[in-house]
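Colleague: I am new to this model and would be grateful for a guided reading of it. May we look at it together?

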2 protein chains.
Amino acid sequence: MDAKKKARLEKVGWTVGTVQEFLGLDDAEMAMIEVRVQLARALKDRRRKLKVSQITFAERIGSSQSRVAKMEAGDPSVSLDLLMKALLVSGATPKQLGRVIAKAEQAA
Amino acid sequence: MDAKKKARLEKVGWTVGTVQEFLGLDDAEMAMIEVRVQLARALKDRRRKLKVSQITFAERIGSSQSRVAKMEAGDPSVSLDLLMKALLVSGATPKQLGRVIAKAEQAA
DNA sequence: TGACATTATGTCAGTAGTGACATAGTTTGG
DNA sequence: CCAAACTATGTCACTACTGACATAATGTCA
């Protein structure tokens, strides 16, 4: 994993650590994070396309503004369940969901 | 939703209830359940293809035999996070994961 | 610039998901 | 048939995730 990707992951709250420590983060965990990042991005895109604020979006999906912000930031405190549910509630189809997830990079 | 599908969902632990009560289960929730069922099926297929027991599989993914059984049954006590992680740990790629999720039926 | 809308960050009590264990039920091979 | 392997179901203490709230930071527009 290059430094840029590491920096990006750390920016959104993941403790990646040095290269040595990173070996503890196995491929599957990395893939999970990648999937999360893709879902977060898709959610942000979707809300913006709908032209609604985080508050409005939160009300529609039965959540709070702060959590929507965390979803879009790919925060570790947000589960994939919640991200996927948010996308589906906002009108995405399972097929679209699948495409988003498939975008996640193959673990190195 | 036809009776067969309803029966299938109830069999794996979802309270679908009568048609009237079912209206409370909105499209997004239905889609979430469909996604779960697809992931559960994929996991079972995958483990069988690997020809390992639930115990062995559980050890490899850092879980327990009982939880693997619940995963494969699509039990509501299992999160999509866990299902996806299990698939990835067992060697599935994000691309394959995406295809599985895309199989979920569009909410009626 | 200042007021206002929007988004980000931190915290917390309540709830849902977890691995582990026990045990019941089922399948498989002799 | 039996025994051994396998799978299903129920339970529980522990942890992680949740919405809500407060408040800080950033953006917007006149």
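Modeller: Please note that this is a predicted model. Over residues 16-25 of chain A, pLDDT stays under 50. For this stretch the model has seven contacts beyond four places in sequence.

Colleague: Which element of chain A has the lowest mean pLDDT?

Modeller: Chain A has a mean pLDDT of 81, with 74% of its residues at 70 or more. Among its elements, the highest mean, 98, belongs to helix H5 (residues 65-73) of chain A. The lowest, 28, belongs to helix H2 (residues 19-22) of chain A.

Colleague: Which helix gives the most to the side of chain B that touches chain A?

Modeller: In this pairing, 22 residues of chain B are in contact with 22 residues of chain A. Helix H3 (27-50), helix H6 (80-89) and helix H7 (94-102) of chain B each supply at least two residues of that side of chain B. By class, the side comprises 13 nonpolar, four polar and five charged residues. The most, seven residues, comes from H7(B).

Colleague: Where does the largest share of the surface near DNA strand C come from?

Modeller: DNA strand C is surrounded by 19 residues, the closest being Ser53(A), Ser66(A), Ser66(B), Ser79(B) and Leu82(B). At least two residues of this surface are supplied by each of helix H4 (54-61) and H5 of chain A, and helix H5 (65-73) and H6 of chain B. The largest share, six residues, comes from H5(A).

Notes: Residues numbered from 1 in each chain as written. Chains lettered and ligands numbered in written order. Predicted model: local features only at pLDDT ≥ 70, side-chain atom pairs only at ≥ 80, totals over all residues. Contact = placed C-beta atoms within 7 Å. Helix = DSSP H or I, 4+ residues; strand = E, 2+ residues; numbered from the N terminus. Nonpolar A, V, L, I, M, F, W, Y, C, P; charged D, E, K, R; others polar. pLDDT = per-residue confidence, 0-100. Near = placed C-beta within 6 Å.
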